[in-house]
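Good morning, colleagues. Please take a moment with the sequence and the structure before we turn to the details.

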Amino acid sequence: MTDETAVLSPSAVGPQRPAAEGGGRGRPGQVWRSRRYRWDLRFSPYAFVAPFFLFFAAFGLFPLLYTGWAALHQVELTDPDSMTWVGLRNFTRLWDDEFFWNALRNTFTIGLLSTVPQLAIALGLAHLLNYKLRGSAFFRVALLTPYATSVAAATLVFVLLFGRDYGMINWALSAVGFGAVDWQNGTFASQLAVSTIVIWRWTGYNALIYLAAMQAVPGELYESAALDGASRWQQFRHVTVPSLRPTILFTCVVSTIGATQLFGEPLLFNGGAGATGGSDHQFQTLGLYLYEQGWVNLHLGRASAIAWAMFLILLLIAGAARLLRGRKDSR
């Protein structure tokens, strides 16, 4: 055998693989698996997040848009399909509605009385729990107990505590020489009592948020402050609080939103008054006024306008908080 024959001989180069059928393409099963794999990579993330958007569209976006549409009409809850276009009249009526402004003032006062002490106490409790204490896990769970308690159960207990004739609060005041306070009928007294319920329920929740933020502060900052001779109070003022500014701003915004939507506590605090918020509307919040207009007076259009007014107020609060944070970050 010559050298040329040896080079061209198939046995010299080894066995030949048969050409793939279909012009070099893979088998039908392999093609289908490859295509299904590409589809899985492309569409699976959308399928995983689709339930959230479906529920949000059904229970978040649609009610918001429908409420905005109803706010532009005169519509009664007894006949929601019969709508009469009135434009912005429901909103302009709020401008001259003394009960709306009364509810807005009450909401602001109760929010101020509940938010400031609540966040201050929560910050102090978080600072104490940030140190190594015996049974710290028990105290952390105990802080969440008020948050897990039913609003109705907690409010009814506080109604008994703030009772005018047999309440424990008035009993303690009389023991130290003060007279009995009519907590449910006094303007400031009733607002203070409702704020106390809010403080009791939400202080522990905010304390755990502050505690989580405190544990993220680098320990080297405290060690440097201790080496410079700073006391624990000085470390708290000059290290802890500046490090917690974003968290404090977050809790302020969330607490303000919660105060604007306050409903359960004032509704149950004086059950006989219902949605009026006392005999003289002294602790009627925006949430109670919305409920009174929509489900007691059956004016669904006016209630929708109140809901959108609350929404715009929350947008203004969120915008102010973002502007404040932007100024602090730019310094």
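Which residues of strand S1 lie on its covered face, and which on its uncovered one? The model before you is predicted, and in it His 73 and Val 75 make up the covered face of S1, residues 73-76. Gln 74 and Glu 76 belong to the uncovered face. As a general point, side chains in a regular strand alternate between the two faces of the sheet.

The partner of S1 is strand S2, residues 79-85; the two strands run antiparallel and are joined by 3 bridges. Together S1 and S2 form a hairpin, with 2 residues between them. Glu 76, already named on the uncovered face of S1, stands opposite Asp 79 in S2.

Helix H9 covers residues 187-215, which is 29 residues. From first C-alpha to last, H9 reaches 41 Å, close to the 42 Å expected at 1.5 Å a residue. H9 also has a kink of about 40 degrees, and this kink is centred on Trp 202.

Finally, I turn to the largest pocket, which holds about 290 Å³ of space. Its lining has 13 residues, and the closest to the centre are Thr 107, Phe 108, Thr 256, Thr 260 and Ile 317. Which helix gives the most to this lining? The answer is H5, with 7 residues. Helices H5 (98-129), H12 (245-260) and H15 (300-330) each supply at least two residues of the lining.

Thank you for your attention.

Notes. Residues are numbered from 1 along each chain as its sequence is written. This is a predicted model: local features need pLDDT of at least 70, side-chain atom pairs count only at pLDDT 80 or more; totals for chains, interfaces and linings use all residues. Side-chain values use heavy atoms; hydrogens and water are left out. Helices (H or I, at least four residues) and strands (E, at least two) are DSSP runs, numbered from the N terminus. The expected span of a helix is 1.5 Å times one less than its number of residues. The bend at a residue is the angle between axes fitted to the seven residues ending there and the seven starting there. On a 1 Å grid over the protein atoms alone, a cavity is a set of points where a 1.4 Å probe fits but cannot get out, and a pocket is an open set with protein on both sides within 12 Å along at least five of seven lines; lining residues have an atom within 4 Å of a point. Grid points are joined across faces, edges and corners, and a volume is the space filled by probe spheres set on the points. Buried means under 20% relative accessible area, exposed over 50%, partly exposed in between (1.4 Å probe, protein chains only). Two strands pair if DSSP finds at least two bridges between them.
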